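Please keep the sequence and the coordinates open while reading.

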Amino acid sequence: ATSGVITTIGLIVGLNSGTQSITAVLGGILVIAVADAMSDALGIHLAEEADPNTDHGHVWAATIMTFVTKFVFSISFAVPLLLLPLTTAVLVSVVWGLLVIVILSYFLARSQDESPLYIIGEHLGIAILVIVFSHYIGVWVAATFG
């Protein structure tokens, strides 16, 4: 889920910075929701199949859960774009994504008896780097090819 969130907010910010087009941003979300979810689901499928102690049912359960989780989290970012002006929707999407990362990181840290603040800070730091890099890549693409 965290991977899907970071990928999607990076895509949203980069496409918005490069195009300022709701069509491009919404289309990107829909494509990434399917392509990234299927890609990760296949990766999980292959990894689970490689484990000789994993039964066939578990392989497919892990595959389907990976796809559904990544798809649902990614597609949730389309809601603000359908309801709000583009600039506001991008901001809401970034806030939503960072909130999801905070919540997931908190539960991950608690499940591993680690400091939630450290894990949250680490994951937010990575997400913010992705957002910043994606923004400047979008700006560069627009300036170079637009």
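Q20 counts as exposed because its relative accessibility is 55%, where exposed means over 50% relative accessible area, buried under 20% and partly exposed in between, with a 1.4 Å probe and protein chains only. The model is predicted: local features need pLDDT of at least 70, side-chain atom pairs count only at pLDDT 80 or more, and totals for chains, interfaces and linings use all residues. Residues are numbered from 1 along each chain as its sequence is written, and side-chain values use heavy atoms, with hydrogens and water left out.

**Loop residues with positive phi**
- Q20 lies in the loop between α1 and α2; helices here are DSSP runs (H or I, at least four residues) numbered from the N terminus.
- Phi of Q20 is near 50°, a positive value in a residue other than glycine.
- D113, in the loop between α5 and α6, also has a positive phi of about 50° and is not a glycine.
- D113 counts as exposed because its relative accessibility is 76%.

**Helix α1**
- The 18 residues of α1 (residues 2–19) should span 26 Å at 1.5 Å a residue, and the end C-alpha atoms are 25 Å apart, which agrees; the expected span is 1.5 Å times one less than the number of residues.
- Buried residues of α1 include G4, V5, I6, I9, I12 and V13.
- The buried residues of α1 pack against α2 (22–50), α3 (56–75), α5 (86–111) and α6 (116–145), contact meaning heavy atoms within 4.5 Å.

**α1 with α2**
- The two helices α1 and α2 pack at an angle of about 150°, with axes 10 Å apart; axes are lines fitted to C-alpha atoms over the stretch in contact, and angles run from 0 to 180 degrees between N-to-C directions.
- That angle makes α1 roughly antiparallel to α2 (over 145 degrees; under 35 is roughly parallel, 65 to 115 roughly perpendicular, the rest oblique).
- Among the residues in this contact are T8, L11 and L15 of α1 and V25, I29 and I32 of α2.
- The contact of α1 with α2 has seven nonpolar, seven polar and two charged residues (nonpolar: Ala, Val, Leu, Ile, Met, Phe, Trp, Tyr, Cys and Pro; charged: Asp, Glu, Lys and Arg; polar: the others, Gly among them).

**α1 with α6**
- Between α1 and α6 the angle is about 25°, with axes 7 Å apart.
- That makes α1 roughly parallel to α6.
- The contact includes I6, G10 and G14 of α1 and A127, V130 and S134 of α6.
- Its residues divide into nine nonpolar, seven polar and no charged.
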